[in-house]
Amino acid sequence: MRFQLIGLMLLMASCTDPSLCADCTGLVDSGVDSDTDADTDTDTDSDTDTDTDSDTDTDTDTDTDSDTDTLRDPEPHDCFDVPTARCPAGTPTLGDASGFGLQKATLTWNYSRACGISWADPIYVRRPSDLRGLAITVDAWRDYTGVGFLAVDGRTVLDIEVESGPTAWWEPPFQHESAIASTLVLPNSPAGALPAGDCIGIVPIAPDDLRGEEATLWLSSQRGAAGREIDLNFIVVDGTDVTRTELSEAAGVVDDLLTKAGVSLGDVGLWYAEAPWGEYLPSGDGEEADLLRAFTPEGAPVPAVNVYFVQDIGRGGLYGFAGGVPGPVAVSGTAASGLVISVDSHLLSDFTTLDTEELGGTISHELGHQLGLFHTSESDGRDHDVLSDTPQCPSSRDADRDGYITASECRGFGGDHVMFWTAAPYTQHTWSAQQTAVFRASPAAYR
Ligand SMILES: [Zn+2]
């Protein structure tokens, strides 16, 4: 772990308009050539292939095995066009062979009046053989956006028109928050991985008629060897009472915890940013939180994860929150590009001393969310993550019958896990092997 003070003072005052804000943060195409953007190239001038012919060829190959069955176009849909099983000519390959890759496509919305949703023409990318992890972000600065349909070689992975089951949006393993910058992380579990195949087809969707509005699809990826280090950008909102020493101590705790998760903390940069509303963030889900997370200091590296420190959030009591479960990975400039952490929530009972151990624990927990991890058990003990190797704490452990399972009630049942839903009066330092695999495949763990 290397901790360095970059020491820039930046003004956010001009970032009051979301559309402007996306520009003023200077979105970075990190290590990506413009010609590898994931736009669907429908204008290739050498139209030498004919899709219908190649489909026919497949059908007449009677000696091939069941793999042929997967190369069948998905059923037509009511609300949007689904991707074909075969990628169009000129489809770019996903990612960068050197490791981390970031590609983007500008979306053009179509509108289904019958369904009341906007949808973009399918985006295609070819899957490289060394693909390790992928995060797909639909950024429309609008609630309820997301990946409406995802297929590999015509095999449905995720389908919003399915109400339940393993391909449904709202159920594991591919559930993702329909947020203002919605993200799907693959893999998020052994079950939540891309199936084998070459051609990845993605249909972004959003509510209402967004024709003419700007939107972007981001694809961040990791190829090759497993990741070992995750970098962080510490961004302190000016006026927040936290010292460089305290932040360094907290970073040390994050490093210890990440090491237990099979990765470690790499570079940590420190910036200060002035917010128009001051060091107290008015709420955890308002426009200010969106604008804060869309702000990236000039020169802040990608794919480092942004961590914003504020004095407190709303009326207090909130330790921090991620940009979604999962949130955008290695993508800056969206309304969900990072973690927000309250300093005051980590003060000891003297209301003066900062508990840097607990602060580091909160950063690690929210980082887990951002990169694709859910709570091992939710507060009621009825919902649990999709991972098979994390302990579940059932509602029957709620000894005092107050409706909440606490870490004390769940000792030995996952209460000691970093991704337990709430803090504990004892150390929470445990990760599972499947959680480790999610970290190591993340595009944020790029080296
Ligand atoms: Zn949480």
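# Briefing: cavities, pocket, zinc site and backbone

The largest cavity has a volume of about 110 Å³. A cavity here is a set of points on a 1 Å grid over the protein atoms alone where a 1.4 Å probe fits but cannot get out, and lining residues have an atom within 4 Å of a point. Grid points are joined across faces, edges and corners, and a volume is the space filled by probe spheres set on the points. The model is predicted: local features need pLDDT of at least 70, side-chain atom pairs count only at pLDDT 80 or more, and totals for chains, interfaces and linings use all residues. Residues are numbered from 1 along each chain as its sequence is written, and side-chain values use heavy atoms, with hydrogens and water left out.

- The largest cavity is lined by 17 residues, with A304, V305, N306, A330 and V331 closest to its centre.
- Its lining divides into ten nonpolar, seven polar and no charged residues; Ala, Val, Leu, Ile, Met, Phe, Trp, Tyr, Cys and Pro count as nonpolar, Asp, Glu, Lys and Arg as charged, and the others, Gly among them, as polar.
- By the rule given above, there are four cavities of 30 Å³ or more.

**Largest pocket**

- The largest pocket holds about 740 Å³ of space; a pocket is an open set of points with protein on both sides within 12 Å along at least five of seven lines.
- Its lining has 28 residues, and those nearest the centre of the pocket are E358, G361, T362, A423 and Q428.
- Two or more lining residues come from each of α4 (244–260), β17 (320–321) and α6; helices (H or I, at least four residues) and strands (E, at least two) are DSSP runs, numbered from the N terminus.
- Helix α6 gives the most to this lining, with seven residues.
- By class, the pocket lining has eleven nonpolar, eleven polar and six charged residues.

**Zinc site**

- The protein donors of the zinc ion are the NE2 atoms of H365, H369 and H375, lying 2.0 Å from the ion; donors are N, O and S atoms within 2.8 Å of the metal (3.2 Å for Na, K and Ca), and water is not among the atoms, so sites may look incomplete.
- The spacing of the donor residues in sequence is H-x3-H-x5-H.
- H365 and H369 are separated by about one helical turn, because they are four residues apart in helix α6 (residues 356–371).
- H365 counts as buried because its relative accessibility is 9%; buried means under 20% relative accessible area, exposed over 50%, and partly exposed in between (1.4 Å probe, protein chains only).
- H369 is also buried, with a relative accessible area of 6%.

**Backbone geometry**

- Most residues other than glycine have a negative phi, and most peptide bonds are trans.
- The peptide bond from P172 to P173 is cis, with omega near 5°, and P173 lies in the loop between β8 (155–159) and β9 (181–186).
- A cis peptide bond also runs from L186 to P187, with omega near 0°; P187 is in the loop between β9 and β10 (199–207).
- W141, a residue other than glycine, has a positive phi, near 45°.
- W141 sits in the loop between β6 (131–139) and β7 (146–152), and its relative accessibility of 23% makes W141 partly exposed.
- Y144 lies in the loop between β6 and β7 and has a positive phi near 65°; at 56% relative accessibility, Y144 counts as exposed.

**Two buried threonines**

- T91 lies in the loop between α3 (67–70) and β2 (100–106) and is buried, with a relative accessible area of 13%.
- A polar atom of the T91 side chain lies 2.6 Å from the backbone oxygen of P88.
- Leaving out residues up to four places away in sequence, T91 touches Y124, V125 and R126; contact means heavy atoms within 4.5 Å.
- T216 belongs to strand β11 (residues 216–223) and is buried, at 17% relative accessible area.
- With the sequence exclusion of up to four places, T216 touches K104, A105, L107, T137, V138 and D139.

**Whole chain**

- The chain has seven helices and 18 strands.
- Buried residues make up 53% of its 447 residues.
- Among contacts in the chain with a separation of 6 or more, 75% are between residues 24 or more positions apart.

Notes: Polar contact = N/O pair within 3.5 Å; in protein donor to acceptor, adjacent residues only side chain to side chain.
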